[in-house]
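Hi,

Here is the structure I promised to pass on. Have a look at it first, and then read my notes below.

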Amino acid sequence: MPIPERLNPSFASARINDPGLLAAARNRLIVALDAPNAAAAEEIVTRIEGSCQWFKVGLELFSAAGPAIVERLAARGYSIFLDLKLHDIPNTVAGAVRSATALGVRMMTLHASGGPAMLAAARSALDGLADPPQLLAVTVLTSMDAAQLHAAGVDRSPADQVALLAAMGLEAGLNGFVCSPHEVAHLRSLAGPAGVLVVPGIRPQGADAGDQKRLAAPAAALRDGASFLVVGRPIVQAKEPAQAAEDILKEMAEAMAG
Ligand code: C5P
């Protein structure tokens, strides 16, 4: 009797070494460049050269190194996710979206709690562009539990507040969200197949959790509907970052092969 594909280890390993599948996985992995300055960030990039296509530039690095780091990475051929979590009046957010787009950023975040007018202004700032960057709404920060929300004047549960803000984002014409692994299946059901779900809080089996609480392994997050995975410390703080990235890519490729 033939061994079913999924139980046949040699078949599985042949598939996960398939260059097409690994390339597809590489396009869905975003490495968080949480570094204090440009030199430290570029050292990380050089150590994992070839293993990934996407880098996330967040508040720490952008505050230290500014737009120049985004331009340098884009010039090296990388795709940049600018994670500044914009939250301001609609006119100001629309201007920031235009500036980031002009820098060559391919994804950027804004807070859904900025309200429908802010989200609509951000979306309108991209009108007419042939290849606009992806806007991603942040619903409830994973650092906010029920008590934190209550203190901020929100009496819904975190899950209900996520659902409310996601519905508001969809209504305003956004179809991208950042969410924890625990929310991804629900958001996938709300956003449908065209939704773009970007998921941090990813740990390969056996990795140190660090300060992350709502975690999942790469394969589980993909199976629950993640479009992209964001991974920081398990890659950038590994002894062999390129090897750590390759191991994660193989796990992703295996999950994508079904
Ligand atoms: O090192 P680690 O893999 O935990 O990094 C995850 C990245 O994703 C960090 O840059 C972190 O700021 C970001 N992030 C997160 N949880 C969220 C939103 C963003 O961990 N809810």
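How many of the five residues of strand β2 (residues 54–58) are buried? Five of the five are, so β2 is largely enclosed by the rest of the structure. Buried here means under 20% relative accessible area, exposed means over 50%, and partly exposed is in between, with a 1.4 Å probe and protein chains only.

Before the rest, a word on where this comes from. This is a predicted model, in which local features need pLDDT of at least 70 and side-chain atom pairs count only at pLDDT 80 or more, while totals for chains, interfaces and linings use all residues. Residues are numbered from 1 along each chain as its sequence is written, and side-chain values use heavy atoms, with hydrogens and water left out.

Now the overall picture. The protein has 12 helices and eight strands; these are DSSP runs numbered from the N terminus, with helices being H or I of at least four residues and strands E of at least two. With 258 residues, a compact globule would have a radius of gyration near 18 Å, and the 19 Å of the protein agrees with that. That radius is taken over C-alpha atoms, and the globule rule is 2.2 Å times the number of residues to the power 0.38. Along the principal axes, the C-alpha atoms fill a box of roughly 60 × 40 × 35 Å. Of the 258 residues, 48% count as buried. If you take contacts (heavy atoms within 4.5 Å) between residues at least 6 apart in sequence, 69% of them join residues at least 24 apart.

Back to the strands. In a regular strand the side chains alternate between the two faces of the sheet. In β2 both faces are covered: Trp54, Lys56 and Gly58 are buried on one side, and Phe55 and Val57 on the other. Its partner β1 (residues 29–32) pairs with β2 in the parallel sense over three bridges, where pairing asks for at least two bridges found by DSSP. Valine 31 has phenylalanine 55 in β2 as its bridge partner.

Strand β4 (residues 107–111) is worth a look too. Five of its five residues are buried, so β4 is largely enclosed by the rest of the structure. Met107, Thr109 and His111 are on one side and Met108 and Leu110 on the other. Strand β3 (residues 79–86) pairs with β4 in the parallel sense over three bridges, and leucine 82 stands opposite methionine 108.

- Glutamate 42 lies in helix α3 (residues 38–47) and is buried, with a relative accessible area of 18%. Beyond its neighbours within four places in sequence, glutamate 42 is in contact with Ile69, Arg72 and Arg76.
- Leucine 222 sits in helix α10 (residues 218–223) and counts as buried at 10% relative accessibility. Leaving out residues up to four places away in sequence, leucine 222 touches Arg28, Leu229, Met252, Ala255 and Met256. Its C-alpha atom is 6.9 Å from that of alanine 255, 33 residues apart along the chain.
- Aspartate 224 is in the loop between α10 and β8 (228–231) and is partly exposed, at 37% relative accessible area.

Cheers
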